[in-house]
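Biologist: Could you take me through one part of this protein up close? I'm new to this, so please go step by step.

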Amino acid sequence: MAYFKNLEKPLAHLLSLFSKEQRWLITIIADPDAVASALALRRIMQNRVKSVTIASPTEMTRPDNLSMLKLLRISIEKFTPEMCSEYDRFAIVDSQPDHNPLFLPIDYSIVIDHHPEKEDVQYDTDGRFINVRPNYGATSTMMTEFLYNLDINITPRMATALQLGIRTDTGIFERSGSEVDMRAYQYLSKFANPDLRSHILKSEYKMSWLPYFSMAFANFIAISGKESQIFTYLPEVDNGDILVAIADFCMRVQEIAWVAVAGKIDDHITVIFRGGALNQDLGELATIAFNEIGSAGGHRNIARAEIPIANIPQKINIVEFLLREIADALDETKDTLEESEEHDE
Ligand SMILES: [Mn+2]
């Protein structure tokens, strides 16, 4: 039985666009799905064109994504509008020309994407290969179908990259993705390197973050005296990624039900809330605690608040202030929680 649908006709069209003297540029907005899809397209072009370069105007910064680039030996160039003069043909994957103003002036011969098209966009399909499939969870799934149909040998590195693309975009099939994405993932498992994959997925932290972890642990405070509700504060931190990493880490500690990790970033305080399976709505808690003096919101188990330092009363200890706001909000949500529980009975 065939794994995927037959794409003979569209792929014949795709291959007809290539010739030996062309220098191709594939532009992406770098994320695991885009990177893997670009690799797959470059593999299809291999030996059919003169050269293929992959470029992105943005860089990936998450440690696991950096680990993907390093371990799978992927190099992505920095996209600049000036570089376009060095290429004859252009392709865009996992994105569309109107997704970035830098891409708008480029005359693309190939557009392969799974994001929905904007209603007012009409592509000039004349001779071009335009393949947009919003019902696919990842462009990596589309590319897996292409490789399968073209009978191209999938290397362990390519398979691992495509699996990471599908995982990221579908949230491991929990957030989105359909049967075809699962089938592609399963098919790729035959070729992927599970050790590489798990090494990349485990690369969650950077060495430079570790001192912040020790500081965060040393500053643990039980909110309203309860050990299952932890608050911690970092007096100076470079970016919010570190706070998120610490908060996510705390949720792996059995005794912790939810956590609020606060840190001073430039001229504001960021508070990251994380919870698990419990009755406390952290989005509501963050909103009640901080929306009046900053911006706050989120979902039941994931929330965030940003408070300009200027809005925090002077001569007050920041830790005490944040703790009091959270504890007060907690009392308020408890009242509504109890009311609704009474109502349930
Ligand atoms: Mn994607």
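Modeller: Happy to! Keep in mind that this is a predicted model. The chain splits into domain 1 (8-202) and domain 2 (207-344), and their centres, taken over C-alpha atoms, sit 38 Å apart. Let's zoom in on the second one.

Now look at the pair β9 (residues 258-265) and β10 (residues 268-275): they run antiparallel and are joined over 8 bridges. In general, strands of a sheet pair through backbone hydrogen bonds.

Next, hop over to helix α10 (residues 282-290). Its buried residues are Leu 282, Gly 283, Leu 285, Ala 286, Ala 289 and Phe 290. Looking down the axis of α10, you'd see those buried residues fall within an arc of 160°, so they line one face of the helix. The N-terminal end of α10 has a cap, too: a side-chain oxygen of Asp 281 lies 3.0 Å from the backbone nitrogen of Gly 283.

What about nonpolar cores? The largest one has 54 residues, and Phe 18, Ile 26 and Ile 28 are among those touching the most other members. Helix α2 (residues 32-45) gives the largest share of that core, 9 residues. There's also a second, separate core of 25 residues, including Ile 223, Ala 262, Leu 322 and Leu 330.

Key. Residues are numbered from 1 along each chain as its sequence is written. This is a predicted model: local features need pLDDT of at least 70, side-chain atom pairs count only at pLDDT 80 or more; totals for chains, interfaces and linings use all residues. Side-chain values use heavy atoms; hydrogens and water are left out. Domain bounds come from an automatic or database domain assignment. A nonpolar core is a set of buried Ala, Val, Leu, Ile, Met, Phe, Trp, Tyr and Cys residues joined through side-chain atoms within 4.5 Å. Buried means under 20% relative accessible area, exposed over 50%, partly exposed in between (1.4 Å probe, protein chains only). Helices (H or I, at least four residues) and strands (E, at least two) are DSSP runs, numbered from the N terminus. The arc is that of the directions from the helix axis to the C-beta atoms. A polar contact is a pair of N or O atoms within 3.5 Å; within protein, one must be able to donate a hydrogen and the other to accept it, and residues adjacent in sequence count only if both atoms are side-chain atoms. Two strands pair if DSSP finds at least two bridges between them.
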